[in-house]
Amino acid sequence: MLLSLVGAEQHPPYKRPPLTKALWQGKPESSIWRGTDEAGVDMILVGDSVGTVMQGQRTTIPVSMEDMLVFTRAVMRGVSGTFVVADMPFGSYQVSEETAVANAIRLVKEGGADAVKLEGA
């Protein structure tokens, strides 16, 4: 599956219009993301599930920061206005606060993500 769209939540928080989200778990070709702006997708999550979906790993634990940077860049090349969240993979933030901040900065600065999310095992 290249793109999973999650529909409107049953109980929208704060009485806002529900967000449309896309979970990225497919090929790193940026062309698949070019339609997300026009389709009204509010947010894309570049998940550490690339470990199981793309790399054939049994779990997401082996996914590295470098892996997440590659896949985040691929998605960013294909979108123009959609908000992109990148997972911080397991081990990229547990060592220290300094390591966590440095890796978060990398995903935003080098990967182009709009936000980061901590991912656990």
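User: Which backbone nitrogen does the side chain of Asp114 reach, and at what distance?

Analyst: A polar contact is a pair of N or O atoms within 3.5 Å; within protein, one must be able to donate a hydrogen and the other to accept it, and residues adjacent in sequence count only if both atoms are side-chain atoms. Here the Asp114 side chain comes to 2.8 Å from the backbone nitrogen of Val84. Bear in mind that this is a predicted model, where local features need pLDDT of at least 70, side-chain atom pairs count only at pLDDT 80 or more, and totals for chains, interfaces and linings use all residues. Residues are numbered from 1 along each chain as its sequence is written, and side-chain values use heavy atoms, with hydrogens and water left out.

User: Is Asp114 buried, exposed or partly exposed?

Analyst: Buried means under 20% relative accessible area, exposed over 50%, partly exposed in between (1.4 Å probe, protein chains only). Asp114 has 41% relative accessibility, so it counts as partly exposed. Leaving aside neighbours within four places in sequence, Asp114 is in contact (heavy atoms within 4.5 Å) with Thr82, Phe83 and Val84.

User: What angle do α3 and α4 pack at?

Analyst: Two packed helices are described by the angle between their axes and the distance between the axes. Helix α3 (residues 65–78) packs on helix α4 (residues 97–109) at about 20°, with the axes 9 Å apart.

User: Which residues in α3 and α4 meet?

Analyst: Met65, Glu66, Met68, Leu69 and Thr72 in α3 meet Asn103, Arg106 and Leu107 in α4.

Terms used
Axes are lines fitted to C-alpha atoms, for helices over the stretch in contact, and angles run from 0 to 180 degrees between N-to-C directions. Helices (H or I, at least four residues) and strands (E, at least two) are DSSP runs, numbered from the N terminus.
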